[in-house]
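I opened the model and kept a notebook as I went. My entries follow, one topic at a time.

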Amino acid sequence: MRERFDVAVCGGGTAGPVVASRLVEAGASVALLEAGPDHGAYADGGWPSDLLDASTIPTSHDWGYVSEDDRRLTFDRAKVIGGCSAHNGTTASWGHRADFDGWGLDGWEADEVLPLFEEATRRMRVRRFAESEWTPFHRAFIEAGVELGLPHEDGLLSLDVRPSVCAEPQNSPDGVRWNAAFAYLDPVRDSDRLTVVGRAIVDGVLIREHRVVGVAAVGDDGPFRIDADRVVVAGGTYGSPAILLRSGIGPAEDLRGLGIEVVADHPGVGGNLHDHPSFAVPIEPNEEYSRRRSAIAATGGDLPDEMGFSCLATSLATDGVIDLHLFSVDDGLGPDQDLPGLFVTCLTPRSKGRLRLRGPDPNAAPILDHAFLSDADDHDLEVIVEGVQHARRFLAASPLASLVAREVMARTADLRSAVRAGVRHCYHPVGTCAMGDVTDERGRVHGIEGLVVADASLMPQTVRATTNLPTVVIAERIARWLVA
């Protein structure tokens, strides 16, 4: 491995391969460090089958993050090249133009990012399901939405999505989960300007006189150092703030309490942590559900866990813009995570939490407090409560009612208490290195020359979408500024 690089990219998840590839294409020498394994190019055939199978969500490369409360919620994140794009449900959506315009940041307006969404959608090989591919439960969900008066309209790949129901687009060509490493890294893997270092946990960014000089990491053979003129942190919403904090960039009092030398007092690092708060409405299927599902399985047809998708606007929505996702899940809900049902997601959360370090050890998981449903006016709670009511309308509509024996969740008179007790995340954490606070609009960390963040942690407010494609777009936007 060469002694010095133009750029060190810390994190090979969804964003890191995008940034690394664009820099290599522009002629820079790049070291891409990933904490998990690098399974190589897709064409080499070395990828585990569970990471390739887009019909269900794997957990084989999970970081093992859990909540600190009694519920011990798992906050699944993928420790592998390709990151969560190699572990996710492959749902592809863009969000709404109000999300990006609402950030109020130069270069992030909806019309500016629109071409990047088009490029990301092409590179990630997003496809749409033909009606012949709809499975029984998902078909019934879509038909129920139409019966309830929603247009059957796939607007998820636009920034003008409106209330509707559809079979969701997915980045799963031929049933393969097409991750960011396949889409962006594979085309430049043969370049002598790219070095991919797998199983390397970034300890911190090396800084001298408020300028980056490299990265300290720990690999299979112990600690090592990468010298670089610039460092791009792309460790994700949990990993990126942890790297900055271990580097001495964060709330000064917290850092001193952990014995970490303060390089830059940045109170915002680790704050603004939020996800789409969600709630599961599992059902017990009847014999007709089993009969139809078995008939599909007997033909060898695919039975993806996720497909049916609805965008809705609750009474709390601003100007009628969607603020709720409701989607059908064919497996993975209920007390034992083995039931089908509907999943309700608030797209406009106001509750914000914080990530903190346990200490300076890079192998120690951070403390994650999402502060779900903590906003003062109960906005998030009320959106989900309305979402559950929408879910029950779907379940009562004839197409779904014909497949449902009963709703598993008790129909308690105190639905709000049930939602508070059962709220969960939607695998979409963002915001812990927010632009306009920790960084400027180009991801440059305030006060540290040569240090840039380029992933979902930059979002000052989350988007009305599953966050895979928006994260690719963030990486594309930052990368293009880096090579300009």
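**Salt bridges.** I counted 30 salt bridges, taking as one any side-chain nitrogen of Lys or Arg within 4 Å of a carboxyl oxygen of Asp or Glu. This is a predicted model, where local features need pLDDT of at least 70, side-chain atom pairs count only at pLDDT 80 or more, and totals for chains, interfaces and linings use all residues. Residues are numbered from 1 along each chain as its sequence is written, and side-chain values use heavy atoms, with hydrogens and water left out.

I looked up Arg22 and Glu476 next. Their side chains form a salt bridge, 2.8 Å from N to O. Arg22 lies in helix α1 (residues 16-25) and Glu476 in helix α13, so this pair ties together parts 454 residues apart in sequence. Helices here are DSSP runs (H or I, at least four residues), strands are runs of E (at least two), and both are numbered from the N terminus. Are Arg22 and Glu476 buried or exposed? Both are buried, where buried means under 20% relative accessible area, exposed over 50%, and partly exposed in between (1.4 Å probe, protein chains only).

I then followed the links from this pair. Arg22, Glu25, Glu119, Arg122, Arg123, Glu476 and Arg480 are linked in a network of salt bridges.

Glu284 and Arg406 came next. Their side chains meet in a salt bridge at 2.9 Å, N to O. Glu284 sits in strand β10 (residues 278-285) and Arg406 in strand β16 (residues 404-407), 122 residues apart. Glu284 is partly exposed, at 33% relative accessible area. Arg406 is also partly exposed, at 43%.

I noted one more pair, Arg416 and Glu382. Their salt bridge is 2.8 Å, N to O. It links helix α12 with helix α10 (residues 379-396), and the two residues are 34 apart. Arg416 counts as partly exposed, with 41% relative accessibility.

**The sheet.** I traced an open sheet of six strands. Its order is β3-β11-β12-β13-β10-β16, with antiparallel pairing. Two strands count as paired if DSSP finds at least two bridges between them. Which strands stand at the edges? They are β3 (164-167) and β16, each with a single partner strand, so one side of each has no neighbour in the sheet. The twist averages 25 degrees from one strand to the next; the axes are lines fitted to C-alpha atoms (for helices over the stretch in contact), and angles run from 0 to 180 degrees between N-to-C directions.

I zoomed in on β12. Five bridges join strand β11 (residues 306-312) to β12 (residues 324-333). Glu306 has Val329 in β12 as its bridge partner. Cys311 stands opposite His325. On to β13 (residues 339-346): seven bridges join β12 to this strand. Leu326 stands opposite Val344 there. The hairpin of β12 and β13 has five residues between the strands, and Gly334 takes a positive phi near 90 degrees. Why is β12 largely enclosed by the rest of the structure? Eight of its ten residues are buried, so the strand is largely enclosed.

**His425.** I found His425 in the loop between α12 (415-422) and β17 (451-453). His425 is buried, with a relative accessible area of 6%. I checked its polar contacts (pairs of N or O atoms within 3.5 Å; within protein, one must be able to donate a hydrogen and the other to accept it, and residues adjacent in sequence count only if both atoms are side-chain atoms). The side chain of His425 reaches the backbone oxygen of Thr74 at 2.6 Å. A polar atom of that side chain also lies 3.0 Å from the backbone nitrogen of Tyr427. I listed contacts too (heavy atoms within 4.5 Å). Leaving out residues up to four places away in sequence, His425 touches residues including Phe75, Asp76, Asp275, Phe343 and Phe372.

**Cores.** I looked for nonpolar cores (buried Ala, Val, Leu, Ile, Met, Phe, Trp, Tyr and Cys residues joined through side-chain atoms within 4.5 Å). The largest has 141 residues, and Val9 and Leu451 have the most contacts inside it. Helix α13 (residues 468-483) gives this core its largest share, nine residues. Another core lies apart, with 13 residues, among them Val161 and Leu347.

**Helix α7.** My last stop was α7 (residues 236-246). Ten of its eleven residues are buried. Among them are Tyr238, Pro241 and Arg246. Gly248 follows α7, and its phi is positive, near 90 degrees.
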